[in-house]
Amino acid sequence: MKKRQVVAKTSSSITRNIRYGECQKNHAANIGGYAVDGCREFMASTGEEGTCGALTCAACGCHRNFHRREVQTEVVCEYSPPNSGR
């Protein structure tokens with residue numbers, strides 16, 4: 001009797017979207033207080049990704065690291081059952 005090998009195919013992909021939210025730079029830290037500027041979302045000034053302009057916010061002038069980083073991850077899995085071969 002001949003054995004038959006049955007193989008199912010699976011694949012998955014991960015997509016990450018990174019968004020920079022409100023600015024959290026404390027402008028009153030040097031006097032012992034707490035005050036933020038109210039900038040709600042990072043917007044790159046000018047330039048290509050990786051340049052100084054791309055890392056500076058057009059709205060508040062702060063570096064991108066002062067803005068809250070939000071990572072949205074989406075995982076997609078696909079499964080193809082083996083053929084029944086009847």
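Contact here means heavy atoms within 4.5 Å. By that criterion, and leaving aside residues up to four places away in sequence, C62 touches C23, K25, H27, D37, L55, T56 and C57. The model is predicted, so local features need pLDDT of at least 70 and side-chain atom pairs count only at pLDDT 80 or more, while totals for chains, interfaces and linings use all residues. Residues are numbered from 1 along each chain as its sequence is written, and side-chain values use heavy atoms, with hydrogens and water left out.

A disulfide is a pair of cysteine sulfur atoms within 2.5 Å, and the count is 0. The sulfur of C23 has its closest cysteine sulfur in C62, at 3.7 Å, which is too far for a bond.

Buried means under 20% relative accessible area, exposed over 50%, and partly exposed in between (1.4 Å probe, protein chains only). C23 is buried at 4%, whereas C77 is exposed at 61%.

Rings of Phe, Tyr and Trp (its six-membered ring) pair if their centres lie within 6.5 Å; planes under 30 degrees apart count as stacked, over 60 as edge-to-face and the rest as tilted. The structure has 1 aromatic pair. Y20 and F42 form this edge-to-face pair, with 6.0 Å between centres and 65° between planes. Both Y20 and F42 are buried.
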